[in-house]
Amino acid sequence: MQYSLFSAECGYGLEWYKFKKSTWGKLQETLPLAELSALLPPLSALGNTPYFDNYGMVALLFLKHQLGVSDEKLIEHLNHNVSLQLFCGLGLGKKLIRDTGIVSRIRSYLGKHLNVHQFQDILVKNCHSELSDTHFLKMDATCFESYIRYPTDVQLLWDCCEWVYQKQLFVLRKSIKTPLGKEKERFDVQRRKYLIYSKLRRKSYKKTKKRKKSLLNLLKRGISALQVLLNQHFKSDLSSKFYTYFKTIKTIYRQQKYLYDHPEKKVKGRIVSLHKPYIRPIKRGKMNKPTEFGAKVHMMQVDGINVIEHLSFEAFNECKRLKTSVIKHKHCFGECHQLSADRIYPTNENRRFCTREKIFTNFIPKGRKSAHYKASQTLKNALNKDRATRLEGSFGNVKNHYGLAKVKARTQPTEIIWIYFGVWTANAMQLVKKRQKEKPNNQKNSYQKFLF
């Protein structure tokens, strides 16, 4: 009788055994991929997709943030690594995935159909049993910057002029065999002047104002000429993407014209990027980077696990999210007895709320020192240190190692998906490391029980 090293249930033999012992196998055990894939509609209703089912699509995005590589490199790793294929539930064999754009399409598909709040609730419930200090809540806000060049008014106006004239007006006139007219000459003159301006090392206020005025006049003429052309020849022949861009450019012109006429005032909902009109300037007040452009996220942390409490591309005051965070903590983890936050949070309203809920905070006390001042101050210092090291340190870890330093997604839904998967990939790896630390102790205890 011949004995086999692996049971028939393994299916993959040695490769499956190596996968289960690897980091990828442990990460797969940590993540509830089957439950997360159940949030997506069945693929049969949307048409079959090659290679990946719902399970594979969710696993692939976790894989991307864990590897921290581009979409092309991700497919290259997947083609030549059996462990990664097993992680995604694939059996490619000798086949190779040639389509490098499949990752981008999967991200777009999840952006349309995945409810990120339900997605996060499932992950929180999955890791709840492994957390110990669930009574201690830390909170802070950070900004996950979008992958765009630093925006300026002159650059933004030139991008709009280039789209209106070069990509639309001239192309549409050639298609109906109409002469380009004086618009071509005006555009070429302004292009030369813009190139001269952009190469200047020091751009004075006077020169910048002059460029803005010229580009505003050029853009106004271009919008009018393009609108006349659309009304006469192209009433319903163009795509919805064209009209979305055209509407955005009209909004940009109105905003920039108002700012030019009233330089001392501000515009609500100011657009800073033509291709990402949902991005807003976020004032952070940092010395090296006072303004950031991306999604502002209010984060909760419980025993090293980060939970996205609120995500918005509009600026918001994070101190007003304290009550909501405590309520969400109670819903997900139970009662909150200790709270740590930075100096922007201790408003009178938040202090009264924490006192009413009997939550001990690291806020600087008002009034006279109490009899237990020294003891409470020692605990406050410990809470401050834990928040400054673990919570703020986790922001740098997620940005540097899980692809959130610059979010390279192209649309708002895919950017949200990118952020959620990056944060929860880091959380999953935290749980994997925690299990590995606890495993030797468990093995030692079981060995001692065996001896005695």
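In this predicted model, D303 touches E130, L131, S132, D133, R390 and K434, leaving out residues up to four places away in sequence. As for where D303 sits, its place is in the loop between β3 (291-302) and β4 (305-312).

Next comes strand β1, which spans residues 136-145. This strand is mostly covered, with 10 of its 10 residues buried. In a regular strand, side chains alternate between the two faces of the sheet. In β1, F136, K138, D140, T142 and F144 point one way, while L137, M139, A141, C143 and E145 point the other way. Both sets are buried, and they include charged residues such as K138 and E145.

β1 also has strand partners. With β3 it pairs in the antiparallel sense, over 8 bridges, and within that pairing D140 has M299 as its bridge partner. With β5 (residues 338-340), β1 runs parallel, and 3 bridges join the two strands. Here K138 stands opposite S340.

Another loop residue worth a look is S273, found between α13 (240-261) and β2 (281-283). Its relative accessibility is 11%, so S273 counts as buried too. The S273 side chain reaches the backbone nitrogen of K276 at 3.3 Å. Setting aside neighbours within four places in sequence, S273 is in contact with I148 and L156.

Finally, there is a pair of helices, α14 (residues 322-333) and α15 (residues 348-356). Their axes come within 10 Å and cross at roughly 25 degrees. Angles under 35 degrees count as roughly parallel, and α14 and α15 are therefore roughly parallel to each other. Which residues meet where these helices touch? From α14 come L322, K323 and V326, and from α15 come E349, N350, F353 and C354. Sorted by class, this contact has 4 nonpolar, 1 polar and 2 charged residues.

Note on methods
Residues are numbered from 1 along each chain as its sequence is written. This is a predicted model: local features need pLDDT of at least 70, side-chain atom pairs count only at pLDDT 80 or more; totals for chains, interfaces and linings use all residues. Side-chain values use heavy atoms; hydrogens and water are left out. Axes are lines fitted to C-alpha atoms, for helices over the stretch in contact, and angles run from 0 to 180 degrees between N-to-C directions. Helices (H or I, at least four residues) and strands (E, at least two) are DSSP runs, numbered from the N terminus. Angles under 35 degrees count as roughly parallel, over 145 as roughly antiparallel, 65 to 115 as roughly perpendicular and the rest as oblique. Contact means heavy atoms within 4.5 Å. Buried means under 20% relative accessible area, exposed over 50%, partly exposed in between (1.4 Å probe, protein chains only). Two strands pair if DSSP finds at least two bridges between them. A polar contact is a pair of N or O atoms within 3.5 Å; within protein, one must be able to donate a hydrogen and the other to accept it, and residues adjacent in sequence count only if both atoms are side-chain atoms.
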